[in-house]
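Colleague: I want to learn how to read a model like this one, feature by feature. Can we go through it together?

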Amino acid sequence: MTAVDPAAAEERPAAEDAAGLSTPSGSDDTDVVTLVVWRHGQTDFNLERRFQGQTDVPLNETGREQAARAAGYLAALRPSAIFSSDLQRASATADALASLTGLPVQLDKDLRERSGGCWEGLTDTEIRERFPAERVTWAPPDGEASAAVADRASAALERAADSLAGGSLAVVVGHGAALGLALARVLRIPSEPRALGPFGNCHWSVLSRRRTRWRLLEHNVGMLPEPVTDGLPGVEES
């Protein structure tokens, strides 16, 4: 567990209030923790609408720019920890935030994207043509079941939350499908039909947990009022 900087902890409430992330009504910050669940930046597979799954595709130039910009906003929340999938498109996104905050990136394989089996590398059009029945239910014949993804990814969120002191905030970096299934599981809502919309590249959702109860505070957010540009390690004014 990464220790919380007392000075940063004092500054964080103002940043959270500005972002709409203040402590839920009727509780104090001694038993509430917050997770910002952040999808990786763009890859060439995203552009080509190819199923990535656990194929270790890197960020493209746009993805790296997205990660750098979003990291400035998320640094304003003064996170006390960063967790990430070990796939490079996620870990590189997390590194952009780590470079601003000085925090280590804690890798967790359970945050990996859903394995797509023989679908990985195929475009959506190719999947429709070759696997029309399976495409209807989005079930790769030799891929990972949705329930299995929800099990492992939601367990990763619970572990991240368990590691935090009350009142702390952590950023968890992962992938669209795995994060969506994890959110549905901890919020106890059906994953199908999908109640929550998908994550855009480098967009995030905000969850709070009080004891064992999770709440969704924001979903698929792309910016905050102003990014941090000073006062953080490794950040220089332009």
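Colleague: Let me begin with a single residue. Where does Asp 108 lie?

Modeller: Keep in mind that this is a predicted model. Asp 108 sits in the loop between strand 3 and helix 5.

Colleague: Is Asp 108 buried or exposed?

Modeller: Use the cut-off for that: buried means under 20% relative accessible area. Asp 108 has 16%, so Asp 108 counts as buried.

Colleague: Which residues does Asp 108 touch?

Modeller: Leave out residues up to four places away in sequence. Then Asp 108 touches Ser 84, Ser 85, Asp 86, Ala 156 and Arg 159.

Colleague: Arg 159 carries a charge too. How should I read such a pair?

Modeller: Side chains of opposite charge can pair when their charged atoms come close. Here, the side chains of Asp 108 and Arg 159 meet in a salt bridge, at 2.8 Å from N to O. This pair links distant parts of the chain: Asp 108 is in the loop between strand 3 (105-107) and helix 5, and Arg 159 is in helix 7 (residues 146-162), 51 residues apart. Arg 159 has 40% relative accessibility and counts as partly exposed.

Colleague: How many salt bridges does the count come to?

Modeller: The count comes to 14 salt bridges. Take Asp 31 and Arg 210, whose side chains meet at 3.1 Å, N to O. Asp 31 lies in the loop between helix 1 (6-19) and strand 1 (32-39), and Arg 210 in strand 5 (residues 204-210), so the pair ties together parts 179 residues apart in sequence.

Colleague: With which other arginine does Asp 31 form a salt bridge?

Modeller: With Arg 211; the closest N and O atoms are 3.5 Å apart. Again distant parts of the chain are linked: Asp 31 is in the loop between helix 1 and strand 1, and Arg 211 is in the loop between strand 5 and strand 6 (213-221), 180 residues apart.

Colleague: What is the accessibility of each of these arginines?

Modeller: Arg 210 is partly exposed, at 30% relative accessibility. Arg 211 is exposed, with a relative accessible area of 57%.

Colleague: Which residues are linked in a network of salt bridges?

Modeller: Arg 49, Asp 124, Arg 128 and Arg 135 are linked in such a network.

Colleague: Back to Ser 84, one of the contacts of Asp 108. Where does Ser 84 lie?

Modeller: Ser 84 is in strand 2 (residues 81-84). Its relative accessible area is 0%, so Ser 84 is buried. Beyond four places in sequence, the residues touching Ser 84 include Ala 90, Val 105, Leu 107, Asp 108 and Val 173. Also look at C-alpha separations. Ser 84 and His 175 are 91 residues apart along the chain, yet their C-alpha atoms are separated by 9.6 Å.

Colleague: Now the whole fold. How many helices and strands does the protein have?

Modeller: Eight helices and six strands. Along the sequence, the pattern reads α-β-α-α-β-α-β-α-α-α-β-α-β-β. Next, check contact range. Among contacts between residues at least 6 apart in sequence, 72% join residues at least 24 apart.

Colleague: What share of the protein is buried?

Modeller: Buried residues make up 49% of the 238 residues. The accessible surface comes to about 11,200 Å², and 49% of that surface belongs to carbon and sulfur atoms.

Colleague: Last topic, pockets. What is the volume of the largest pocket?

Modeller: About 1,100 Å³. Then read the lining: 38 residues, of which Trp 138, Gly 176, Ala 177, Arg 194 and Pro 198 lie nearest the centre. Helix 2 (44-47), helix 5 (124-130), helix 6 (132-137) and helix 8 (176-187) are the elements giving two or more residues to this lining.

Colleague: Which helix gives the most?

Modeller: Helix 8, with five residues. By type, the lining divides into 15 nonpolar, twelve polar and eleven charged residues.

Notes
Residues numbered from 1 in each chain as written. Predicted model: local features only at pLDDT ≥ 70, side-chain atom pairs only at ≥ 80, totals over all residues. Heavy atoms only, no water. 1 Å grid on protein atoms, 1.4 Å probe; cavity = no way out; pocket = protein on both sides within 12 Å on 5 of 7 lines; lining within 4 Å. Points joined across faces, edges and corners; volume = space filled by probe spheres on them. Helix = DSSP H or I, 4+ residues; strand = E, 2+ residues; numbered from the N terminus. Nonpolar A, V, L, I, M, F, W, Y, C, P; charged D, E, K, R; others polar. Buried < 20%, exposed > 50% of the residue type's maximum accessible area, 1.4 Å probe, protein only. Contact = heavy atoms within 4.5 Å. Areas by Shrake-Rupley, 256 points an atom, 1.4 Å probe, with all protein chains shown as cover. Salt bridge = Lys/Arg side-chain N within 4 Å of Asp/Glu carboxyl O.
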